[in-house]
Amino acid sequence: MEIFDSAKTLYLDLPTVAAFIKDEGVETIMEKLIPYMEEDYSKWDEFAKIPRPTHHSPVGVNELMPVGNQEIFTCKYVNGHPSNPKDKCLTVVAIGLLADVAHGYPKMLCEMTLLTAIRTAANSVMAAKYLAKENPKKMALIGNGCQSEFQAIAFHKLLGIEEINLYDIDEKATDKLIKNLSHIKDLKLNKCSSTREACKGVDIITTVTADKKFSIILTEDMIEKGVHINCVGGDCPGKTELDSKILFMGDVYVEFEPQSRIEGEIQHMDEDFKVTEIAEVIKTGKRIDRKEDDITIFDSVGFALEDFSILRLIYDLARENNIGKMELLVPAMEDCKNLYGLLK
């Protein structure tokens with residue numbers, strides 16, 4: 001019996017994860033996740049890291065996101081297909097795997113479409129906690145699709161944002177966001193008619209657009225002094241959101257520089273363009289020393305370590321709360337050299 005138990009994998013499907021998150025609260029999961037992320041980023045040098053392998057097509061990208069230390073290995077499969085909604089499909093879907101390094105056995109197979117949205121928003125807030133001005137109250141949220149509610153909840157509940165200016169070229173997306181968050185009575189949501197209008201008088205600008213192209217969502221004349229820019233949408237080769245002139249207006253922070261050079265806002269910058277990996281800030285445990293008028297830019301493309309953190313968290317929560325099912329996905333045998341014996 002011990003052999004079979006050790007080979008079993010915890011399986012968490014979408015209904016199970018969604019129900020658990022609903023019961024716990026999105027903001028509660030994010031609040032629990034950020035310390036996991038900070039712990040993992042503070043141990044940055046202990047991880048084996050590579051830029052994610054990708055398969056590009058004219059309509060989108062398919063990606064694997066692996067990372068591991070000496071105890072745990074994780075990998076996520078994720079796509080990015082901006083035109084999917086016309087076929088009633090999500091732009092992004094994902095599944096994740098957590099494995100034991102000691103024996104190589106998978107310990108958890110898990111839905112990660114919801115979890116990716118949560119970890120992305122939590123990562124944005126974690127970075128802003130270190131990079132943005134103190135006590136920010138107002139944010140612009142450009143792009144109001146699937147990620148937008150998670151960003152809004154994270155910045156409101158965890159960073160104290162009280163007012164958000166919203167803009168999307170699809171007006172229905174903004175209406176959807178406002179409806180979904182109507183229950184949050186102490187968060188003011190302003191529907192704007194342009195990106196320029198949305199960016200006026202804010203402390204933070206978050207961009208989460210989906211088009212796979214070199215876009216210029218923000219121009220330098222929209223950027224006011226003291227703003228922290230949280231760029232989330234520029235997450236694959238050939239896809240950006242900022243006028244490159246903005247990158248010279250303040251200090252630029254990234255997750256994993258080799259990956260960001262391929263996929264981020266800095267993909268078209270010279271190799272000597274200076275950036276700082278966010279892990280270097282998190283290791284200090286302190287906010288950066290910034291003046292009131294300083295501009296900071298977080299060029300966030302999404303890195304596998306964030307998936308590592310949320311998979312680690314969900315595995316712990318699943319065991320604590322006895323959720324999910326144990327499934328036999330790999331062989332369990334008395335004679336470990338007799339694989340063919342499974343067929344007899």
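Is Arg119 buried or exposed? In this predicted model, local features require a pLDDT of at least 70 and side-chain atom pairs count only at pLDDT 80 or more, whereas totals for chains, interfaces and linings use all residues. Residues are numbered from 1 along each chain as its sequence is written, and side-chain values use heavy atoms, with hydrogens and water left out.

Arg119 is buried, because its relative accessible area is 3%; the term buried denotes a value under 20%, exposed one over 50%, and partly exposed one in between, with a 1.4 Å probe and protein chains only. The residue Arg119 belongs to helix α4, which spans residues 113–131. Helices (H or I, at least four residues) and strands (E, at least two) are DSSP runs numbered from the N terminus. The side chains of Arg119 and Thr120 are joined by a polar contact of 3.0 Å. A polar contact is a pair of N or O atoms within 3.5 Å; within protein, one must be able to donate a hydrogen and the other to accept it, and residues adjacent in sequence count only if both atoms are side-chain atoms. When residues up to four places away in sequence are not counted, Arg119 touches Leu33, Met37, Met65, Lys76, Gly302, Phe303, Glu306, Asp307 and Ile310, where contact means heavy atoms within 4.5 Å.

Helix α4 also packs against helix α10, at an angle of about 115° and with the axes 10 Å apart. Axes are lines fitted to C-alpha atoms, for helices over the stretch in contact, and angles run from 0 to 180 degrees between N-to-C directions. On the α4 side the contact is made by Leu115, Thr116, Ile118, Arg119 and Asn123, and on the α10 side by Glu306, Asp307, Ile310 and Ile314.

The largest nonpolar core has 75 residues, of which Leu12, Tyr41, Met108, Ile118 and Ile164 touch the most other members. Helix α4 gives the most to this core, with eleven residues. A nonpolar core is a set of buried Ala, Val, Leu, Ile, Met, Phe, Trp, Tyr and Cys residues joined through side-chain atoms within 4.5 Å. Another core, of 26 residues, lies apart from the largest one and includes Ala198, Leu218, Met269 and Ile295.

The loop between β8 (138–142) and α5 (148–159) contains Asn144, and Gln147 is placed in the loop between β8 and α5 as well. Asn144 is buried, with a relative accessible area of 0%, and Gln147 is buried with a value of 14%. A polar atom of the Asn144 side chain lies 3.2 Å from the backbone oxygen of Leu141. The side chains of Gln147 and Gln151 are joined by a polar contact of 2.9 Å. Beyond its neighbours within four places in sequence, Gln147 is in contact with Ala117, Thr120, Ala121 and Val208. Gln147 and Val208 are 61 residues apart in sequence, yet their C-alpha atoms are 7.0 Å apart in space.
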